[in-house]
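Let's take a walk through this model together. Keep the sequence and the 3D view side by side as you read.

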Amino acid sequence: MAVQPISADELAQLPAVYRDDVESLLISAEQIEHRLDELATEVDADYAGKDLLLIGVLKGAIFAMADVARRITVPAAMDFMAVSSYGSSTTSSGVVRILKDLDTEIQDRHVLIIEDIVDSGLTLHYLMKNLRSRRPASLEVLSLLTKPSRREVDLDIRYTGFEVPDVFVVGYGLDFAERYRGLRSIVTLRPEVYSDS
Ligand code: IMP
């Protein structure tokens, strides 16, 4: 997956307000939709007859959560957690604070965490350790994106949407300074955007 300058056609499809900021289109909305169809089919097969609980990690996973939940046909409950990682705006430290905990008990339930991106893996590593201590029947992860080259801890991600290179990406729930979450595709930003903020 290469970071190439965005074409005029691709640019024209983005909301006007974001056009000046985008450097490259990494994954189109259509590619995301197609991949989510495939992943939902796998989830359906794996969780047939099981009591499934989807846990979305706020805020980045909101669209992945909504789109997976609407694609799967096995009955699933939904809950959310919000975590914040102490670190700079673009890297994580692994020290995680729970800002919003689950509303439900997960003991003996089949839990599928829905994530936007696994970068160093430190946030997810902490989250999984925390959730595992609550004794779910199973605990798996679906992440739209993964950056394997950045991984600092070993993690087993059962369902992965796309592997991306070591670049900062936004869109489809992912933000930079709370912007760009609403973009339907995954893009990279021009360097000026970071230096201006
Ligand atoms: P990790 O702990 O390094 O795996 O980072 C996890 C969190 O950092 C993700 O859930 C995102 O919120 C954020 N993050 C990591 N990489 C990116 C990126 O490329 N764009 C936007 N947010 C990112």
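Start at the ligand: a backbone N or O atom of D119 sits 2.9 Å from one of its oxygen atoms. That's a polar contact, meaning a pair of N or O atoms within 3.5 Å. On its own, the ligand would expose 490 Å², and the protein buries 85% of that (areas by the Shrake-Rupley method with a 1.4 Å probe).

A quick note before moving on: this is a predicted model, where local features need pLDDT of at least 70 and side-chain atom pairs count only at pLDDT 80 or more, while totals for chains, interfaces and linings use all residues. Residues are numbered from 1 along each chain as its sequence is written, and side-chain values use heavy atoms, leaving out hydrogens and water.

Now look at the whole shell. The ligand is surrounded by 16 residues, each with a heavy atom within 4 Å of it. (Helices, H or I, of at least four residues and strands, E, of at least two are DSSP runs, numbered from the N terminus.)

Elsewhere, three strands form an open sheet in the order β1-β9-β8, with antiparallel pairing; to pair, two strands need at least two DSSP bridges. β1 (22-27) and β8 (169-170) are at the edges with a single partner strand each, so one side of each has no neighbour in the sheet. In β9, V187 is the bridge partner of V170.

Key:
Polar contact = N/O pair within 3.5 Å; in protein donor to acceptor, adjacent residues only side chain to side chain.
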